[in-house]
Amino acid sequence: MNTQITNKLPDAKPNLLNVSNLNKMYPKKLALSGLNLTLEPGHIVGLLGPNGSGKTTLMKILTGVIKDYSGTVTINGMPIGPETKTLVSYLPDNPYFSPWMTPLHMISMFKDFYADFSEDKCLDMLHKLGLNEKQRINTMSKGMIEKFQLCLVMSRKAMFYILDEPIGGVDPAARDFILDTILSNYDPDSTILMSTHLISDVERIFDTVIFLKEGEIVLQGDIDNIRAAEDKSIDQLFREVFKC
Amino acid sequence: MANQFQSNTPIYLQLVNNFKHRIVSGELTVGSKLESVRDLALYFEVNPNTMQRALAELERDELVFAERTTGRFITKDKELISKMRESVAQEIIDQFILQMSSLGFSNQEAINLFIKKIEERSV
């Protein structure tokens, strides 16, 4: 897919995401190295890689959290900035809530911040996941906080969802429910980029996967084509590619 | 419906087989309308693109046809369905023969066991 020849007309719609020659250096560590990536609208993409492979760094760059990098990154044809942030709904790796807050506080903030946020949708999802909008966040378990975060980001009608490990702390039964929540709230014109270590639980909802290794993409493609070519599940393939 | 798919073979092919099976068994009636891609994807808990691909494959096999504005339907071609039914049966029989011979049974022994089982079941 990386090397796909594009014969698009000059006035064709820009890709949802264009990343070219992206480099990110942390002190004493190269986090991303010459990364090229394009994503089109209408896909659920799994971003897979071992710890420290650069997944979170990439997502932070796409969402404007990290600004000191070299290379070009555009979303919907625009450089990362206020315009792209309105298009992107981001679930970060660490929650950013203040302990005294309740979901209701966050909901009213999201209503102020994002024109595409639906309060009704968020409350409906919260209730379906068994959460109480008046419970203080510092009395919630890790899994409950993750569920709540996901409700917030999926209640926006964004063009691009970036979900960094959205289900790591959630029990298996709730995991399936959350995946269904993602599928049922997913607008076929938007794209979801999701990092996860729980590949076997999640791979059924992806159509595209990206393997990231030491800051470089080592594999990208249609998930069923990869299964057919390798005769393996993505989980099995991951274990082989990243064997310690 | 979660985790009903084997993750080592393409999910769209597993969906195609699921539909084929339900068409030839009559669970999906001749000429009936299919739900939307989105609803089917939700029902099977798979990516909508995967479902789309499965339906495109079924269209290619002419087991499903699309009408521009109204959606997708199961074929009305009963002959095609009965042919497909036979070919699914052939596959099952092939597998039976293969597995029995890999266990070291001769053809005649396999047939005898098969008949014995059928007689037991019909009692």
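The model is predicted: local features need pLDDT of at least 70, side-chain atom pairs count only at pLDDT 80 or more, and totals for chains, interfaces and linings use all residues. Residues are numbered from 1 along each chain as its sequence is written, chains are lettered from A and ligands numbered from 1 in the order in which they are written, and side-chain values use heavy atoms, with hydrogens and water left out.

**Chain B**

Chain B has 5 helices and 2 strands. Both are DSSP runs, numbered from the N terminus: helices are H or I, at least four residues, and strands are E, at least two. From the N terminus on, the order is α-α-α-β-β-α-α. The radius of gyration of chain B is 18 Å, well over the 14 Å that the globule rule gives for 123 residues, so chain B is more spread out than a compact globule. That radius is taken over C-alpha atoms, and the globule rule is 2.2 Å times the number of residues to the power 0.38. The C-alpha trace spans about 55 × 35 × 30 Å along its principal axes. Of the 123 residues, 33% count as buried. Buried means under 20% relative accessible area, with a 1.4 Å probe and protein chains only.

**The interface**

Contact means heavy atoms within 4.5 Å. Buried area is the accessible area (1.4 Å probe) that two parts lose on being put together, summed over both. A salt bridge is a side-chain nitrogen of Lys or Arg within 4 Å of a carboxyl oxygen of Asp or Glu.

| Chain B with chain A | Value |
|---|---|
| Residues from chain B | 17 residues |
| Residues from chain A | 26 residues |
| Buried area | about 1700 Å² |
| Salt bridges | 2 salt bridges |

Carbon and sulfur atoms give 47% of the buried area. One salt bridge joins the side chains of A:Asp222 and B:Arg53, at 2.9 Å, N to O. On the side of chain B that touches chain A, helix H1 (11–24), helix H2 (37–44) and helix H3 (48–60) each supply at least two residues. The largest share, 4 residues, comes from H3(B).

**A:Glu203**

A:Glu203 sits in the loop between helix H7 (199–202) and strand E9 (208–213) of chain A. At 2% relative accessibility, A:Glu203 counts as buried. Its side chain reaches the backbone nitrogen of A:Ile234 at 3.3 Å. Leaving aside neighbours within four places in sequence, the contacts of A:Glu203 include A:Arg227, A:Asp235 and B:Ser7.

Conventions. Buried < 20%, exposed > 50% of the residue type's maximum accessible area, 1.4 Å probe, protein only. Polar contact = N/O pair within 3.5 Å; in protein donor to acceptor, adjacent residues only side chain to side chain.
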